[in-house]
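The sequence and structure come first.

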Amino acid sequence: MSNYIQVCDVEKYYGNGSNAAKAVDRVSFQVEQGEFVGVMGASGSGKTTLLNMLSTIDSVTAGHIYYEDIDITELSENKLSEFRKQNLGFVFQEYNLLDTLTIEENILLALTLHSRHKAEILGRCQELLSLLGIEDIRNSFPYQVSGGQKQRCACARALANRPRLLLADEPTGALDSRSAQTLLETFTDMNRKLNATIFMVTHDAFSASYCGRILFLKDGRIFHELRRGRKSRREFLNEILDVLSLTGGELSHAE
Amino acid sequence: MLNKLALRNVLRSARDYMVYFLTMMLVTAIMFAFHSLIFSEDLRQLFEMALLLAVLIGLASFFVVLIVAWLINYMVRFILEKRSREFGIYLLIGMKKKEIARLYLRESLLLGVGAFGGGLLLGLLLQQILMAILYSCIQMEYRIRLEWNPGCLATTAACYGGCYLLALLRCRRRFRKMNIHALMNSERQNEQIKESRVAARRWLLPLSGLGLLGLGLMLFFYKNWSNVTILGFLAGLVLVIYLFYSGLAARIVCYVRKKGNGVFHGQNLFLLRQFASKVRTLHFTLGTLTSLFALALLGCAIALMFNDFQNQMLAVKWPFDIQIFSGDTEEDFRREWEVLEREAHVEESHTYFIYQNGTNPVNTWLCTHLRIFGDDYLNSDGTPNQAEITSRDTWAYYRFDTYIALSDYNRIREMTGLSAVALGEGEYLLHLKERVWNETGDFTGEIAVSGPDGGTLRPAGIRTEPLSQDGHNGADYLLVVSDEAARQMTPYYRMLVANLAEKAPGTLQQSLDALESRDSYEDFGSHRVLDSMASGTDQIAVYVYKNMVRDNLIPEAKFLLSSVIFALVYVGLVFVCVALTVLSVQQLSDSARYRFRYQVLHQIGLSRKEISGVILKQLALFYLCPILFAALVSGIISVYLGWMFNFYTGTHTAAAGYFGVSFLMFLSVYGVYFAVTYVGFQRNVLTEPGS
């Protein structure tokens, strides 16, 4: 299988001169098409920075990121927007739904930006609403529905244009455990049934156990990698917890 | 410590609410500059009527104070809301509510004093511009001189302070009801969109359209306006404006819900929803702003009407340098001549009679046909009511028709640079005001003017050159007959007209007026008004003085008209600035608060350029909506007023022209605020935090 996404020696510094802080330090890895990759790390380990660079909303200081043949670190601002529009979908901890639009309209907006026909847009929207089980709240505003429902709407929006890659930043961070489980099952479904490629950042072992592969980040570097293979989720979870306990709790600098 | 905190907060507020701060400065400057007109010693010495300017500006100031108080109150509440989290923290670390209230009050006052100080400096500059404009309006030379009058300063400070007092009165109560949790969380709350009863409310939009149409029709076709109907009309207008916004928001929501085709183009869905939610939450404010815009536009249009009158009509009102009327047919104008010879250099002059023959066919025709009289002079069966027409209470016309002998007529035509006319045997000529002629056309076929031998004279045509017909050379009209025919009539009153070799001295009018004892004449200003003089049917600005010296009256007339213009522009300017500030501050604070909306757009694939485009469209929608609606409302009214103004004064400008020009002037002020808001909005949304 060809390398779908390739990250080569990516570095990211914030500030300059003596104040420079290294957020991501020479990170390289690959993501295959249809993979569900997780990134774990403590606060400040650089996982969100990595996600932001992959998602083109932040630039790299050095290194390259290839989406098949396209090096996104070389693209202009306008081309990046176009690339983002065509290839990427986002799910955030804070949902980031537009509060003035209903659940359905939040999904419609992402579709209308692609200048499609009305019938096609409505058809796709309906498909997503039923796929994610949010049909009955389609006419509600974000403030009227639960966190889990909001997050599923964000997923639907992210999937609207059949992105090459779905990026999720702590998607379960603001959800109760039941909603979190439902969402993660949705992710797994999307990954299996729709063959969606997912890149998820989390610091929660339970969430991470749904992934197919996990990269562990510490001080901006990848220091470990786990593959689920044929293991059950519970086994995989134990494995993750083992790695975490090795480094002290949730990858913190425990004494 | 609290003082330091207050000062630091003020500096921050001044930056965050720059538009508000600048507007307060501008309002101070405008107030100060206009007030300095009231207190100007120069103007007082020049015109005895300076009091009128003071009254008009004072009246305008009253409305300005009210509206500025509204602005301050609005802003104080607005800033309070925006800073609620900060106040929550103060409470959390142990400050008392009273102390916070005092701190906030101190901040508001500091901001106010800062704006006042800056405004005064700007005001001095504006004062010079205003004086220069006023002097050029009244055709006098102006030398730059700073007027720093304590009275003016005190009045401005009092008005400004009054605004603050009115605005801050209720501020303390707001603090008493505060709760830490609510304060800390208020910022996090997103706009909660309640879309109840949209299906019913959307009908408010066509309803308000119909209401506007109805009011427009009423304006043009309803005849019996009374105070009650005018109040009803205004109340209807306000209602229509408020209903419009309520209906507009509902209509857009319905359109989006119905998924109309427009929703699926580009970012329309986002724009429509943004706009609808803003209009819905702010429909009351938007209604108020629209009313302010409409008032400002109307004020501006009316000011232009007066300006037009000043430019077009004053020159033709007085074709002679000197005109003197006397109701005494034995008058020899000896005393007047003495004054004229002493004070001026008369180049040419003519003394003549205006005659009557006890008939009134022209009066009767005009009284029963001119629109201005309606059916005041008609009996219930439609015949002329002669008793009314010949009563002395007819303000417009003399009791009998007014005649002039052909030789006198040709002589005064010659004095105004017109060619002589000839009359055939048994003919008469009608000299009519152009304004009246525009309305009546040739009506000589419908009247019978009797000649000396009891026969009827034949009409030889109509002349409409300006000939001072506000009571001097007849009221509205003169009938020109042969000298022989005139000799057989009764002299009605006597006239002296003269042209001077040079400009009349500034005191000539006063000297002439001083000849008459105060008992025999009514006074208007310092001028003598004769009870027996008729005025003709001109309205708005009519001069029926016994003595008229053109070079003295034109500056005075211009001063009077300028007073009206200045007061209207003053109110209009402040209203526009206040309304635009509210719009601008609303949008700018939204841009900071709802920054994430644009970040989401960025994430789902909009480039910065496209987001700029979305912002531009969003602002344009939000800014254009109140101005266009206000333009529609005030446009209808000012077209009507312009039409009436032309009708009553004889100016020629197309009625829509007054409105068009004021709308353009208005748009330029609008453009400045729009540009400032757009730049600020973009900066808030598109710059990375911390950069």
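B:Glu107 and B:Arg83 join their side chains in a salt bridge, with 2.7 Å from N to O; the term stands for a side-chain nitrogen of Lys or Arg within 4 Å of a carboxyl oxygen of Asp or Glu. The two residues lie 24 residues apart and link distant parts of the chain: B:Glu107 belongs to helix α6 (residues 97-137) of chain B, and B:Arg83 to the loop between α4 (50-82) and α5 (84-92) of chain B. Helices (H or I, at least four residues) and strands (E, at least two) are DSSP runs, numbered from the N terminus. B:Glu107 counts as buried because its relative accessibility is 3%, and B:Arg83 is buried at 6%. Buried means under 20% relative accessible area, exposed over 50%, and partly exposed in between (1.4 Å probe, protein chains only).

The model is predicted: local features need pLDDT of at least 70 and side-chain atom pairs pLDDT 80 or more, while totals for chains, interfaces and linings use all residues. Residues are numbered from 1 along each chain as its sequence is written, chains are lettered from A and ligands numbered from 1 in the order in which they are written, and side-chain values use heavy atoms, without hydrogens and water.

Over all chains, the whole structure holds 34 salt bridges. Three of them are tabulated here.

| Salt bridge | N to O distance |
|---|---|
| B:Glu107 – B:Arg83 | 2.7 Å |
| B:Lys433 – B:Asp476 | 2.9 Å |
| A:Glu225 – A:Arg227 | 3.6 Å |

B:Lys433 and B:Asp476 form a salt bridge through their side chains. This pair, too, links distant parts of the chain, 43 residues apart: B:Lys433 is in the loop between β4 (427-432) and α20 (434-440) of chain B, and B:Asp476 is in the loop between β6 (456-463) and β7 (477-481) of chain B. Both B:Lys433 and B:Asp476 are buried.

In chain A, A:Glu225 is partly exposed at 37% relative accessibility, and A:Arg227 is exposed at 51%.

Strands β7 (residues 165-169) and β8 (residues 197-202) of chain A run parallel and are joined by five bridges. A:Leu167 has A:Phe199 in β8(A) as its bridge partner.

Methods:
Two strands pair if DSSP finds at least two bridges between them.
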